[in-house]
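Me: I would like to go through the terms used for this model one at a time. For each one, please set the value against the criterion and then conclude.

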Amino acid sequence: MAIKVLVPTALQKFTNNEAKIECSAGNISELIESLETKYPGIKKSLCDDQGEPRRFLNFYVNSEDIRFLDGTKTALNDQDEVSIVPAVAGG
């Protein structure tokens, strides 16, 4: 099952400067583990010490924020697109 992942510029140092990559996973948690296997070191930038997505990163599945779905248990299907988006703050 091919999941397209859009990687923000700040994390592309882990993905050999690739902005769009493909992984296989059944949910967001599995996707994070798959990314870590394929790109060692990326998980530390994606997750806190408890393994949860960092507060300043938002994950979207086909433009839907996983916080309003099932969080890291959000199911993924073939050809889904996951965007990792750094939160923007300021005023």
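Me: How do you know that β3 and β5 pair, and in which sense?

Reply: The model is predicted, and the pairing is read from its bridges. Two strands pair if at least two bridges are found between them. β3 and β5 have five bridges, so they count as paired, in the antiparallel sense. Among the partners, N58 is bridged to V85 of β5, and L57 to P86.

Me: What makes β3 and β4 a pair, and what lies between them?

Reply: Two bridges join β3 to β4, a strand of residues 64-65, again in the antiparallel sense. The criterion asks for at least two, so this pair qualifies. V61 has E64 of β4 as its bridge partner. The two strands form a hairpin with two residues between them, and N62 in the turn has a positive phi of about 50°.

Me: Which strands does β1 pair with, and in what sense?

Reply: β1 is joined to β2 by four bridges, antiparallel, and to β5 (residues 81-86) by three bridges, parallel. K4 takes part on both sides: its bridge partner in β2 is E22, and in β5 K4 stands opposite E81.

Me: Why are β2 and β4 called edge strands?

Reply: The five strands form an open sheet in the order β2-β1-β5-β3-β4, with mixed pairing. β2 and β4 each pair on one side only, which makes them the edge strands.

Me: Why are the buried residues of α1 said to be on the same side?

Reply: The buried residues of α1 are I28, L31, I32, S34 and L35. They span an arc of only 160° around the axis, and therefore lie on the same side of α1.

Me: What covers that side, and how does α1 lie on the strands?

Reply: The cover includes β1, β2, α2, β3 and β5. α1 lies across β1, β2, β3 and β5, and runs at about 110° to β2.

Me: Which residues touch the most other members of the largest nonpolar core, and which elements supply the core?

Reply: This core has 22 residues, of which I28, L31, L35, L46 and F59 touch the most other members. β1, β2, α1, α2, β3 and β5 each supply at least two residues. The largest share, four residues, comes from α1.

Me: What makes N27 a cap of α1?

Reply: A side-chain oxygen of N27 lies 3.0 Å from the backbone nitrogen of S29, at the N-terminal end of α1. The limit for a polar contact is 3.5 Å, so the pair is within it.

Me: Why is Q12 called buried, given that Q12 lies in a loop?

Reply: Q12 is in the loop between β1 and β2. Its relative accessibility is 12%, and buried means under 20%, so Q12 counts as buried. The Q12 side chain reaches the backbone oxygen of V7 at 3.0 Å. Apart from neighbours within four places in sequence, Q12 is in contact with V7, N17, E18 and A19.

Conventions: Residues are numbered from 1 along each chain as its sequence is written. This is a predicted model: local features need pLDDT of at least 70, side-chain atom pairs count only at pLDDT 80 or more; totals for chains, interfaces and linings use all residues. Side-chain values use heavy atoms; hydrogens and water are left out. Buried means under 20% relative accessible area, exposed over 50%, partly exposed in between (1.4 Å probe, protein chains only). A polar contact is a pair of N or O atoms within 3.5 Å; within protein, one must be able to donate a hydrogen and the other to accept it, and residues adjacent in sequence count only if both atoms are side-chain atoms. Contact means heavy atoms within 4.5 Å. A nonpolar core is a set of buried Ala, Val, Leu, Ile, Met, Phe, Trp, Tyr and Cys residues joined through side-chain atoms within 4.5 Å. The arc is that of the directions from the helix axis to the C-beta atoms. Axes are lines fitted to C-alpha atoms, for helices over the stretch in contact, and angles run from 0 to 180 degrees between N-to-C directions.
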